[in-house]
Amino acid sequence: EDWRSRERMWDYTRHGIEFFQKHIPFIEMQPADNLVIGGNYCLAKKNEVYLVYLPYGGKTKLDLTSVTGNFKVRWYNPRTGGELIDASEIEGGSIVDLGDAPSDSDKDWAILVSK
């Protein structure tokens, strides 16, 4: 049974690498955990792209008070990989609720918020 947990770990690693390569301008981003609540994590390329990670699921809000424009909110399941799941559109200028996970809301999720 130990081999299954190792296999799962490699799957999660592959999903993460594919997600970052396809969607995240990582080198241009900065840590911005202060923009989210509840012990969650954020990387930001201010006013363009925000990556929020919810390690234990749940809900969070993103502080976009210092930026303007419309942003698309899309969820990514790091356990299964695959395509992003469209959720909503939000507007900068305030603290915004990013909504609910598409499923398994008690598990980890990544949220991509981008123009």
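Me: Which residues does Asp86 touch, leaving out residues up to four places away in sequence?

Reply: Asp86 touches Lys72, Val73 and Arg74. Contact here means heavy atoms within 4.5 Å. A word on the background: this is a predicted model, in which local features need pLDDT of at least 70 and side-chain atom pairs count only at pLDDT 80 or more, while totals for chains, interfaces and linings use all residues. Residues are numbered from 1 along each chain as its sequence is written, and side-chain values use heavy atoms, with hydrogens and water left out.

Me: What makes Asp86 count as exposed?

Reply: Its relative accessibility is 54%. Exposed means over 50% relative accessible area, buried means under 20%, and partly exposed is in between (1.4 Å probe, protein chains only). At 54%, Asp86 is therefore exposed.

Me: Where is Asp86 placed?

Reply: Asp86 is in strand β6. Strands (E, at least two residues) and helices (H or I, at least four) are DSSP runs, numbered from the N terminus.

Me: In what order do the strands of the open sheet follow one another?

Reply: The 6 strands run β1-β2-β3-β8-β5-β6, with antiparallel pairing. Two strands pair if DSSP finds at least two bridges between them.

Me: Which are the edge strands?

Reply: They are β1 and β6, each of which pairs on one side only.

Me: How do you know that β3 and β8 pair?

Reply: Count the bridges: β3 and strand β8 (residues 109-114) share 6, in the antiparallel sense.

Me: How many bridges join β2 to β3?

Reply: There are 5 between strand β2 (residues 41-45) and β3, which run antiparallel. Leu43 stands opposite Leu51 in β3. The hairpin of β2 and β3 has 3 residues between the strands, and Asn47 takes a positive phi near 70 degrees there.

Me: Why is strand β3 described as largely enclosed by the rest of the structure?

Reply: Strand β3 (residues 49-54) has 6 residues and 5 of them are buried, so the description follows from that count. For β8, 6 of its 6 residues are buried. In a regular strand the side chains alternate between the two faces of the sheet. In β8 one side carries Trp109, Ile111 and Val113 and the other Ala110, Leu112 and Ser114, and all are buried.

Me: What makes Glu28 and Lys45 a salt bridge?

Reply: The closest N and O atoms are 2.2 Å apart. A salt bridge is a side-chain nitrogen of Lys or Arg within 4 Å of a carboxyl oxygen of Asp or Glu, so such a distance qualifies. Glu28 sits in the loop between α1 (2-23) and β1 (30-31) and Lys45 in strand β2, so the pair links distant parts of the chain, 17 residues apart. Glu28 is partly exposed, with a relative accessible area of 46%.

Me: How many salt bridges are found in the whole structure?

Reply: The search finds 9. One of them joins the side chains of Asp104 and Arg79 at 3.9 Å, N to O. Asp104 lies in the loop between β7 and β8 and Arg79 in the loop between β5 (70-76) and β6 (85-91), so the pair ties together parts 25 residues apart in sequence.

Me: Why is Arg79 called buried, and why is Asp104 called partly exposed?

Reply: Arg79 has 16% relative accessibility and so counts as buried. Asp104 has 40% and so counts as partly exposed.

Me: What kinds of residues line the largest pocket?

Reply: The lining divides into 11 nonpolar, 1 polar and no charged. Ala, Val, Leu, Ile, Met, Phe, Trp, Tyr, Cys and Pro count as nonpolar, Asp, Glu, Lys and Arg as charged, and the others, Gly among them, as polar. Among the lining residues are Tyr12, Gly16, Phe19 and Leu51. The largest share, 4 residues, comes from α1.

Me: What makes a space a pocket?

Reply: On a 1 Å grid over the protein atoms alone, a pocket is an open set of points with protein on both sides within 12 Å along at least five of seven lines, where a 1.4 Å probe fits; lining residues have an atom within 4 Å of a point. The largest pocket holds about 170 Å³ of space. That volume is the space filled by probe spheres set on the points, which are joined across faces, edges and corners.
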